[in-house]
Amino acid sequence: MKNNVIILGNLKECKRARAKIDMDLINSLTFVTTKNDINDKWFKDKNRFIIHKIKELEYDLIFIASETISEFKEFHRQLIKQGVENKKIWYNFNIDTFNLMLKDFTKYNSGTLKYKTDFFMEEKPTDFELKKLDFQSMNRLEKYFYRNNGKIIHKFLHYFEIYDRHFSRFFGKDVTVLEIGVSKGGSLELWRDYFGSKCKIYGIDIDPKCKNLESEQIEIFIGDAEDRNFLRTVKEKVPEIDILIDDGGHYMNQQIVAFEELYPIISPDGVYLCEDLMTSYMDEYEGGYRRKNTFIEYSKDLIDYLNAWYFEEKKSWFSKKKLSVNKITLSTHSMHYYNNVLVIEKRKMDPPFAAIMGNK
Ligand SMILES: C[S@@+](CC[C@H](N)C(=O)[O-])C[C@H]1O[C@@H](n2cnc3c(N)ncnc32)[C@H](O)[C@@H]1O
C-alpha cells in the first residue's frame, strides 16, 4: 500500500527531504511549511500549505523534517494543537532512514506502542492506544509502567526489556539500587515494586523538590551528580550498590564523573547501567560523532581494559600507548551495548585460561 505523505518543515528541511525521499514508495507528497517560507518560489509548483490548514488535508503520515529537537518539539506541539493523531507523526534525526521506514510502514504503523518511532513524545498514550497493548507478552516492569497511575515515570519503551534482562536475577533479594535522576519519583517506585520488600532504593537529583519524594524503602540525596565531592558524601552514606542506573542530566562530564566515582562501590557481581547514550552524539550535550570525551568514546576505552590481559607490549610497535590490567579488568565481566544504553556487569575476574579437551 502506498501512502499519502506530508513533509512538515522549513524551506531548507523540506528541500532536503524532497531530494531524499524515494517517490516510488509513496502515493502523494504534500509540503506543510512555515508562514515565512510558504511563498518561496521552490514551493510554487508543489502541493503546499501552512500548518494551520492541516485539518483540511488527507494523509497517512506526517514526517517532521527538523534539524533540532527543539524545532521538532515545536512542530509537534503545533500538530497536536491542530488535533493530529500522535501515531501519524514520524520523526527521525536523519531523513536517510525515512525511506527504510517507509518500506516498513505497516509494521511501524501497527498501532502498538512498541513500534512507535516518536521517541521524543512526552505524552501519555491515549486510552485507545493502551487498549491495544498486549499485556500478556510484557515483563513485570512494562506491566507496571503501562498501568501506572501514580508518580510519573519517563522511559524509552525499549529499555524495559534491557532492565529485565540484567536485573531479574535480583528479584526478591536484599538488593540495593541507586538511580541518578529522580524527576517525579515514579521510577524509584517502579524499582521498589519490581525488586520487592527487601530492596533499598536510593535516588540522586539536583532538584531539591525531589527530597519530598522519599517514602518507604526510598531515600533521596540532593546534589549535583557531576560534583565529585557530593558523590563522595553519598558514598559515605550508602552501602555497596548492586544496581546503578544513570538517568540524570546526561551531559558528558556527568556520566563520566558518575561512573568514575560510583563504579568502585558497585558490588562485585553488580550492574552499572547508563542510559540515554544518545547525548554522546548531540551538540547540546557536548556530544558529537567521534568527539573526544563523550561518554561513548570514554566507554570504548573500557573495552580495552576488559581485554587488557591480551596486550603484548613487545609487539606493540605501531602504538606508543600501553595497556595494563587495572581495576576495571579485574572487576568487570562484560559490557553490553544496546540502542541508547550501556550495561556493565561486574564480576571478580581471574586471568583467562584456555584448555584443550577431546580425544580425536
Ligand atoms: C530524565 S529525568 C529522570 C527521569 C526518571 N529517572 C524517570 O525514569 O522517570 C532527569 C533528572 O535528572 C536530574 N538532573 C539533571 N542534572 C542533574 C545533575 N547534574 N545531578 C543530579 N541530577 C540531575 C533532573 O533534575 C531530572 O529530575
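Tutor: Let us begin with burial. A residue is buried if 20 or more other C-beta atoms lie within 10 Å of its own, exposed if 12 or fewer, and partly exposed in between, with C-beta atoms placed from the backbone. This is a predicted model, in which local features need pLDDT of at least 70 and side-chain atom pairs count only at pLDDT 80 or more, while totals for chains, interfaces and linings use all residues. Residues are numbered from 1 along each chain as its sequence is written.

Student: Is Q217 buried or exposed, or partly exposed?

Tutor: Q217 counts as partly exposed because it has 18 C-beta neighbours inside 10 Å. R290, by contrast, is exposed, since 10 other C-beta atoms lie within 10 Å. Over the chain, buried residues make up 28% of the 360 residues.

Student: Where do Q217 and R290 lie?

Tutor: Helices (H or I, at least four residues) and strands (E, at least two) are DSSP runs, numbered from the N terminus. The chain holds 12 helices and 12 strands. Q217 sits in the loop between β7 (200-205) and β8 (218-222), and R290 in the loop between β10 (266-275) and α11 (295-306).

Student: In what order do the strands of the open sheet follow one another?

Tutor: Two strands pair if DSSP finds at least two bridges between them. The open sheet has 7 strands in the order β8-β7-β6-β9-β10-β12-β11, with mixed pairing. Its edge strands, β8 and β11 (332-338), each pair on one side only. Within the sheet, β6 and β7 run parallel and are joined by 5 bridges; I180 has I204 in β7 as its bridge partner. β9 (residues 241-246) also pairs with β10 in the parallel sense, over 5 bridges, and the bridge partner of I243 in β10 is V271.

Student: How many residues of β7 are buried?

Tutor: In β7, 5 of the 6 residues are buried, and the strand is mostly covered.

Student: How is the packing of two helices described?

Tutor: Two packed helices are described by the angle between their axes and the distance between the axes. Axes are lines fitted to C-alpha atoms, for helices over the stretch in contact, and angles run from 0 to 180 degrees between N-to-C directions. Here α9 (residues 228-237) and α10 (residues 252-262) pack at about 35 degrees, their axes being 10 Å apart. Residues are in contact if their C-beta atoms, placed from the backbone, lie within 7 Å. From α9, R228, L231 and R232 meet V257, A258, E261 and L262 of α10.

Student: Which residues are closest to the ligand?

Tutor: A residue is near a molecule if its C-beta atom, placed from the backbone, lies within 6 Å of it. The ligand is surrounded by 21 residues, the closest being G181, S183, S187, A225 and G249. At least two residues of this shell come from each of β6 (176-180), α8 (186-195) and β7. The shell has 6 nonpolar, 8 polar and 7 charged residues, where Ala, Val, Leu, Ile, Met, Phe, Trp, Tyr, Cys and Pro count as nonpolar, Asp, Glu, Lys and Arg as charged, and the others, Gly among them, as polar.

Terms used
Two residues are in contact if their C-beta atoms, placed from the backbone, lie within 7 Å.
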